[in-house]
Amino acid sequence: KYIKITETDAKFYVTGKMAGFSTWYFSWPELTDFYLQSTFDSGNCSGKDAYGLIVRGPEHQAGVSYGYVVAFSCDGYYWVFRLDGANPYTTKELVSWTKSDYLLAGTNKQNVMGIQAVGDKLTFYANGHQIAEVTDSKYEFGRYGVFVSPELTANYTYRVVHMSYWDL
């Protein structure tokens, strides 16, 4: 109803189906201290259509949603928040939307997102440059996944070009 994950011609796509609705999809495994990096192609986007990652999420079929979300927007901003629940939708903003010269804004642009998590310190990177750091001890380990938030574009689709992680 809210998100679609597809693989076409060996390419991985994430679609946010409902404008104005943020959603995510977790993968496996659970990580504690790590560096996670993903290259994204922004696709056909505008404004605050956003793509990114969620980390330190719940175990599979836990019946709850939580984690730290890092998002890049089509217009060259980044955003970090802690998701504390999906029903009701509860968040705590850790870094409000912030413009970055390190992000390539616009449609069909490739940006590399990096997240380093060691203990309660989370450090965020855009195209190899540190853009933010927060300290938060609410979630110490968990699964990671993709995040999408189409601001105005129903069926906003971006592509995950590459993703890898390192245990620290």
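Proline 29 lies in strand S3, where strands (DSSP runs of E, at least two residues) and helices (DSSP runs of H or I, at least four residues) are numbered from the N terminus. A cis peptide bond joins this proline to tryptophan 28, with omega at about 15°. A cis peptide bond also joins asparagine 87 and proline 88, where omega is about 5°; proline 88 is found in the loop between S7 and S8.

The model is a predicted one, in which local features need pLDDT of at least 70 and side-chain atom pairs count only at pLDDT 80 or more, while totals for chains, interfaces and linings use all residues. Residues are numbered from 1 along each chain as its sequence is written, and side-chain values use heavy atoms, with hydrogens and water left out.

Strand S3 belongs to an open sheet of six strands, in the order S3-S12-S5-S6-S7-S8, with antiparallel pairing; two strands pair if DSSP finds at least two bridges between them. Strand S3 (23–31) and strand S8 (89–99) are the edge strands, each of which pairs on one side only. On average, neighbouring strands of this sheet are turned by 20° against each other, direction ignored; the axes behind this angle are lines fitted to C-alpha atoms (for helices over the stretch in contact), and angles run from 0 to 180 degrees between N-to-C directions. Eight bridges connect strand S7 (residues 77–86) with S8 in the antiparallel sense. Within this pairing, tyrosine 78 has threonine 98 in S8 as its bridge partner. In a regular strand, side chains alternate between the two faces of the sheet.

An antiparallel pairing of six bridges also joins strand S1 (residues 3–8) to S2. These two strands form a hairpin with two residues between them, and aspartate 9 in the turn has a positive phi of about 50°. Threonine 15 is located in strand S2 (residues 11–16), and lysine 4 stands opposite this threonine. Because its relative accessibility is 5%, threonine 15 counts as buried; buried means under 20% relative accessible area, exposed over 50%, and partly exposed in between (1.4 Å probe, protein chains only). The side chains of threonine 15 and threonine 157 are joined by a polar contact of 2.7 Å. A polar contact is a pair of N or O atoms within 3.5 Å; within protein, one must be able to donate a hydrogen and the other to accept it, and residues adjacent in sequence count only if both atoms are side-chain atoms. Leaving aside residues up to four places away in sequence, threonine 15 touches several residues, including Tyr2, Ile3, Val148 and Tyr156, contact being defined as heavy atoms within 4.5 Å.

One disulfide is counted, a disulfide being a pair of cysteine sulfur atoms within 2.5 Å. In general terms, such a link is a covalent bond between the sulfur atoms of two cysteines. Here cysteine 45 is joined to cysteine 74, with an S to S distance of 2.1 Å. The pair links distant parts of the chain, 29 residues apart: cysteine 45 is in the loop between strand S4 (34–41) and strand S5 (50–57), and cysteine 74 is in the loop between strand S6 (67–73) and S7. The link is right-handed, with 70° about the S-S bond, and both cysteines are buried.

The largest nonpolar core has 33 residues, of which Val55, Phe72, Ile115, Phe124 and Tyr158 touch the most other members. A nonpolar core is a set of buried Ala, Val, Leu, Ile, Met, Phe, Trp, Tyr and Cys residues joined through side-chain atoms within 4.5 Å. Beyond residues up to four places away in sequence, the contacts of valine 55 include Phe34, Leu36, Ile115 and Leu122.

Tyrosine 102 is situated in the loop between S8 and strand S9 (110–118). This tyrosine counts as partly exposed because its relative accessibility is 40%. Among the residues that tyrosine 102 touches, not counting those up to four places away in sequence, are Asn111, Asn127 and His129. Asparagine 127 lies in the loop between strand S10 (121–126) and strand S11 (129–135) and, at 26% relative accessibility, counts as partly exposed. Although not a glycine, asparagine 127 has a positive phi of about 50°. Asparagine 108, in the loop between S8 and S9, likewise is not a glycine and has a positive phi of about 50°.
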